Amino acid sequence: MKLNSGHLTFCTNIYAGESWAAHFAVLKESFPLIKKDLSPHEPMGIGLRLSNQASIEILQDNHLPEFKQWLQAVDGYVFTMNGFPYGGFHHTRVKDQVHAPDWTTDERVAYTIRLFNILAQLLPAGMDGGISTSPLSYKPWFTTAEESEDAKNVATQNILSVVEALHHILESTGTLLHLDIEPEPDGFLESGPEFINWFENDLLAKGKIYCSEKLHITQDEAVELLKRHVCLCYDVCHFAIGYEPHTAIIEQLRAKGIQIGKIQISAALKTQLPASPAERSKVLDELSKFDEPTYLHQVIAKRNDGSLIRYPDLSEALADGQNPDVTEWRAHFHVPIFEEDMGIVKSTQTDITEVLSLQKNKPFTHHLEIETYTWEVLPSSLKIPLNESIIRELAWVKTKLS
């Protein structure tokens, strides 16, 4: 949907299915119903997620022209895609494999460029398009600082090869596309400061040389090109888990000329931990309902002195749940954004409200995408019919931005 502050949609990684046939079947069933309720007389966008398998299959036979015809018939359009999860994302144990293959691999490069070639064919004229992706790799996979640094260097070089491809698409078609890096807890880039540090000291430092040599432009022109084609995906859930100051980060990015390609509108779990062991046990029992085996649910806890403890998954945090030095938890579990008070546990909905208020008053991106992919693994008390949940989330955001 086109709003005054940008294009609003939802991410189709909420749907199960890895083949193009499965992706398309659920879109044909659900999207017209959602659009009829929310945008009956105006075009409505789709935040498309394609697995690697689906990205190959859509380019075979007549599938892509058929999809374009269907979009025209239902008055839909694609302006953003989710290129983070490469392989199976539902009905399988995902956990840290959501990062695989990471940006040190040729497979990740090929997949991402393929997605951009698809998006270039789907994107409406005059609109920029973005694809969100993983934060280079997953920190726990590397045991030494030297291994991590080597991996980060390879990942950065691979991203520069994607930038080169995006530059050629812009030169040949006039279509502006950008890669939106999505920081996440325990990713190589997991916070605003880490992303900014990598952008300035790795991407720009290497990119000025790479682009000037490969594209025969000046280093100043290379900086402009890199800032055009590499952006931040601001996943509100991920930044809220780290207790990050949204207003300060967004203003810092703006001041440095680093673009936010997309806001992923998402909510995390949060809860205060009582001092009483008995009362704390009640909270932990409620949180244990979210400890499921499909996705990573990293937890960042706040101590009495304000310092943080990082747990790689909810199970590890629950095992340390009676730590008397911990006062608050925030957990990576995308819960419906229209619910803040879920009884004993809450959500980080107020973080979304803050970010949307900044976007409303002084827009900093054209792309807004709701991402609540955990619908299938939500506790039953939070589940309502899927289409109804998507509609309620979109309507809630529309109200905040109106």
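I began with the unit that strand 4, helix 4 (residues 106–122) and strand 5 form, a right-handed β-α-β unit; a crossover counts as right-handed if, with the strands pointing away from the viewer, the path from the first strand over the helix to the second runs clockwise. Helices (H or I, at least four residues) and strands (E, at least two) are DSSP runs, numbered from the N terminus. The model is predicted, so I kept in mind that local features need pLDDT of at least 70 and side-chain atom pairs count only at pLDDT 80 or more, while totals for chains, interfaces and linings use all residues. Residues are numbered from 1 along each chain as its sequence is written, and side-chain values use heavy atoms, with hydrogens and water left out.

I then looked up the pairing (two strands pair if DSSP finds at least two bridges between them). Strand 4 (residues 76–82) runs parallel to strand 5, joined by three bridges, and asparagine 82 has serine 132 of strand 5 as its bridge partner. On to strand 6 (residues 177–181), I found that strand 5 pairs with strand 6 in the parallel sense over five bridges, with glycine 130 bridged to histidine 178 in strand 6. Strand 5, helix 5 (residues 145–173) and strand 6 also make a right-handed β-α-β unit.

Which residues of strand 5 are covered on each side? I noted Gly129, Ile131 and Thr133 on one face and Gly130 and Ser132 on the other, all buried, where buried means under 20% relative accessible area, exposed over 50% and partly exposed in between (1.4 Å probe, protein chains only).
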